[in-house]
Amino acid sequence: MRNGWLVCPVCRRNKRLLHVLPETTAENLEVFCRDCKSTLKVDISIGQSVERRSQ
């Protein structure tokens, strides 16, 4: 997370993968990185991002 934006943990090139507000919560959210073509499943609880697994 940087300045409210989720950064791709695989390639670190895509700086604006997903915008996360402080009150955002999600479970098993799939996010696709256009740069490295990887799919990430993340859990977001109270504005903090935690990576679950990648494919």
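Setting aside neighbours within four places in sequence, Leu-17 is in contact (heavy atoms within 4.5 Å) with Leu-6, Val-7, Cys-8, Val-31, Phe-32, Cys-33 and Leu-40. The model is predicted: local features need pLDDT of at least 70, side-chain atom pairs count only at pLDDT 80 or more, and totals for chains, interfaces and linings use all residues. Residues are numbered from 1 along each chain as its sequence is written, and side-chain values use heavy atoms, with hydrogens and water left out.

**Overall make-up**

- Along the sequence the pattern reads β-β-β-β-β.
- Of the 55 residues, 29% count as buried, where buried means under 20% relative accessible area, exposed over 50%, and partly exposed in between (1.4 Å probe, protein chains only).
- Among contacts with a separation of 6 or more, 23% join residues 24 or more positions apart.

**Nonpolar core**

- The largest nonpolar core has 10 residues: Leu-6, Cys-8, Cys-11, Leu-17, Val-20, Val-31, Cys-33, Leu-40, Val-42 and Ile-44.
- Strand E4 (residues 39-45) gives the most to this core, with 3 residues.
- Such a core is a set of buried Ala, Val, Leu, Ile, Met, Phe, Trp, Tyr and Cys residues joined through side-chain atoms within 4.5 Å.
- In soluble globular proteins, nonpolar side chains tend to be buried together.
- E4 is mostly covered, with 5 of its 7 residues buried.

**Strands E3 and E4, and Val-31**

- Strand E3 (residues 26-32) pairs with E4 in the antiparallel sense over 5 bridges; two strands pair if DSSP finds at least two bridges between them.
- Val-31 is placed in E3, and its bridge partner in E4 is Leu-40.
- Val-31 counts as buried because its relative accessibility is 7%.
- Not counting residues up to four places away in sequence, Val-31 touches Leu-17, Leu-18, Ser-38, Thr-39, Leu-40 and Val-42.
- The C-alpha atoms of Val-31 and Lys-41 are separated by 6.3 Å, and the two residues are 10 apart along the chain.
- The hairpin of E3 and E4 has 6 residues between the strands, and Lys-37 there takes a positive phi near 60 degrees.

**Asp-35 in the E3-E4 loop**

- Asp-35 lies in the loop between E3 and E4.
- Its relative accessibility is 38%, so Asp-35 counts as partly exposed.
- Leaving aside neighbours within four places in sequence, Asp-35 is in contact with Cys-11, Arg-13 and Asn-14.
- Asp-35 and Val-10 are 25 residues apart in sequence, and their C-alpha atoms are 9.9 Å apart in space.

- Arg-12 is not a glycine, yet has a positive phi of about 60 degrees.
- Arg-12 lies in the loop between strand E1 (5-6) and strand E2 (18-19).
- Asn-28, also not a glycine, has a positive phi of about 55 degrees.
- Asn-28 lies in strand E3 and counts as partly exposed because its relative accessibility is 39%.

**Cysteines**

- A disulfide is a covalent bond between the sulfur atoms of two cysteines.
- With the criterion of a pair of cysteine sulfur atoms within 2.5 Å, a search of the whole structure finds 0 disulfides.
- The cysteine sulfur closest to that of Cys-11 is in Cys-8, and at 3.7 Å it is too far for a bond.
- Cys-33 is in no disulfide either; the nearest cysteine sulfur, that of Cys-36, is 3.7 Å away.
- Cys-33 has 0% relative accessibility and therefore counts as buried.

Definitions and conventions:
Helix = DSSP H or I, 4+ residues; strand = E, 2+ residues; numbered from the N terminus.
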